[in-house]
Amino acid sequence: MFYQVMHLKKFFPQLGTESIDPTVTAYLPDNLVEMRRQNQKHPCLLICPGGGYAMCSQREADPIAYHFLPEGYNVFVLNYSVAPSRFPTQLREVAAAMELIYRYAEEWHCDSTRVAIMGFSAGGHLAAQYSTCFDWPEVREAFPDSKPVQASILCYPVISAAPEVAHRGSFENLLGHASLNSEEISRFSGIQFAVFRFISFLLKIAGDSGIRRIAHFDNQPVRNSLLYSEALALHQIPFELHVYPVGDHGLATVDEQTNDHLEAAVTHAADWIGAAKKWLRIVLDK
């Protein structure tokens, strides 16, 4: 296996001073020469951990990568800049990570026609936004040929910026202010990213008590993902949605590696990893 941590600003100085020290950690499976697979190309998975745009969660980084590396994916974990770095810094850093994948596609045996992005919580917002907004002017200013992804996996994502359902802390960290005007609510709500060029897999915990507590949700914390799914359906975009009845925000791999304590009823949600693997094999034609 090839493992390397790369500091994005060393490759892309145009990220500027708003970027703190974003890194991409690459996990690349070995091509088995004795199996005559020395020229095998691998689909790629770019992971954006959560953390409310205030941090990048460790539990949604390496532990996730370790599940997809054995499936033959080239896995890349983006440790992006957080507050006080503001939009569009994070989008540009995703674009930079994509540039690395394309730049070293031959050396790393990347199939750049099969790239999926996965995001958790606020990282889910970032993944959803980049998936459709990779060619926004703010991105193209730094990366004129910014690259698209072919699929997205959004795990208990922050989606809507509407005050009645939004995780307000995430948007305050992203934009630098608490009260969003109508233009900002529209522009930064994942529901508005619905002119999609890709297909989505969504994971949500219906009993997501952490998000309900932090974001002042009503008794339907799953509402964000349902609204997002409705937008996908409206635009006839294929998607797969999994809603599990019990569990807290940030379950990650839903095991003891990423959780201090798990009740028996919660462990059912661990099925999401196997479902996501099957879904990726279908949509990326692996």
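Me: Hi! How many residues does helix 11 have, and how far does it reach from its first C-alpha to its last?
Reply: Hello! This is a predicted model, and in it helix 11 runs over residues 271–283, which is 13 residues. The helix reaches 19 Å from its first C-alpha to its last, close to the 18 Å expected at 1.5 Å a residue.

Me: Nice. Which residues of helix 11 are buried?
Reply: Trp272, Ile273, Ala275, Ala276, Lys277, Trp279 and Leu280 are buried.

Me: There's a lysine in there. Which ring does lysine 277 lie over?
Reply: Lysine 277 lies over the face of phenylalanine 68, at 6.0 Å from the ring centre.

Me: And which ring has the charged end of lysine 147 over it?
Reply: That is the ring of tyrosine 102, with the charged end of lysine 147 sitting 5.1 Å from the ring's centre.

Me: Is tyrosine 156 buried or exposed?
Reply: Buried: the relative accessibility of tyrosine 156 is 1%, and the cut-off for buried is under 20%.

Me: What about glutamine 236, buried or exposed?
Reply: Exposed, because glutamine 236 has 72% relative accessibility, and exposed means over 50%.

Me: Switching to peptide bonds. Which residue is joined to proline 84 by a cis peptide bond?
Reply: Alanine 83, with omega at about 15°. Phenylalanine 87 and proline 88 are also joined by a cis peptide bond, where omega is about 10°.

Me: Where are those prolines?
Reply: Proline 84 is in the loop between strand 4 (74–79) and helix 3 (89–103). Proline 88 has its place in the loop between strand 4 and helix 3 as well.

Me: What about threonine 89, where is it placed?
Reply: Threonine 89 is in helix 3. It is buried, with a relative accessible area of 5%. Threonine 89 and threonine 17 are 72 residues apart in sequence, and their C-alpha atoms are 9.5 Å apart in space.

Me: Now helix 5. How many of its residues are buried?
Reply: 12 of the 12 residues of helix 5 are buried, so the helix is largely enclosed by the rest of the structure. Among them are His125, Gln129, Tyr130 and Cys133.

Me: Aromatics next! How many aromatic pairs does the structure hold?
Reply: The structure holds 16 aromatic pairs. Ring pairs link Phe2, Phe11, Phe12, Phe76, Tyr104, Trp108 and Phe143 into a cluster.

Me: Last one: which residues form a nonpolar patch on the surface?
Reply: Met1, Tyr3 and Val5 form that patch, and together they have about 300 Å² of accessible area. Methionine 1 is in the segment before strand 1 (2–7).

Methods:
Residues are numbered from 1 along each chain as its sequence is written. This is a predicted model: local features need pLDDT of at least 70, side-chain atom pairs count only at pLDDT 80 or more; totals for chains, interfaces and linings use all residues. Side-chain values use heavy atoms; hydrogens and water are left out. Rings of Phe, Tyr and Trp (its six-membered ring) pair if their centres lie within 6.5 Å; planes under 30 degrees apart count as stacked, over 60 as edge-to-face and the rest as tilted. A charge sits over a ring if NZ of Lys or CZ of Arg is within 6 Å of the ring centre and within 35 degrees of the ring normal. Buried means under 20% relative accessible area, exposed over 50%, partly exposed in between (1.4 Å probe, protein chains only). Helices (H or I, at least four residues) and strands (E, at least two) are DSSP runs, numbered from the N terminus. Patches are made of residues with over 30% relative accessible area and no salt bridge: like charges are joined within 9 Å, nonpolar side chains (Val, Leu, Ile, Met, Phe, Trp, Tyr) within 5 Å. Accessible areas come from the Shrake-Rupley method with a 1.4 Å probe; for residues, only the protein chains shown count as cover. A salt bridge is a side-chain nitrogen of Lys or Arg within 4 Å of a carboxyl oxygen of Asp or Glu. The expected span of a helix is 1.5 Å times one less than its number of residues.
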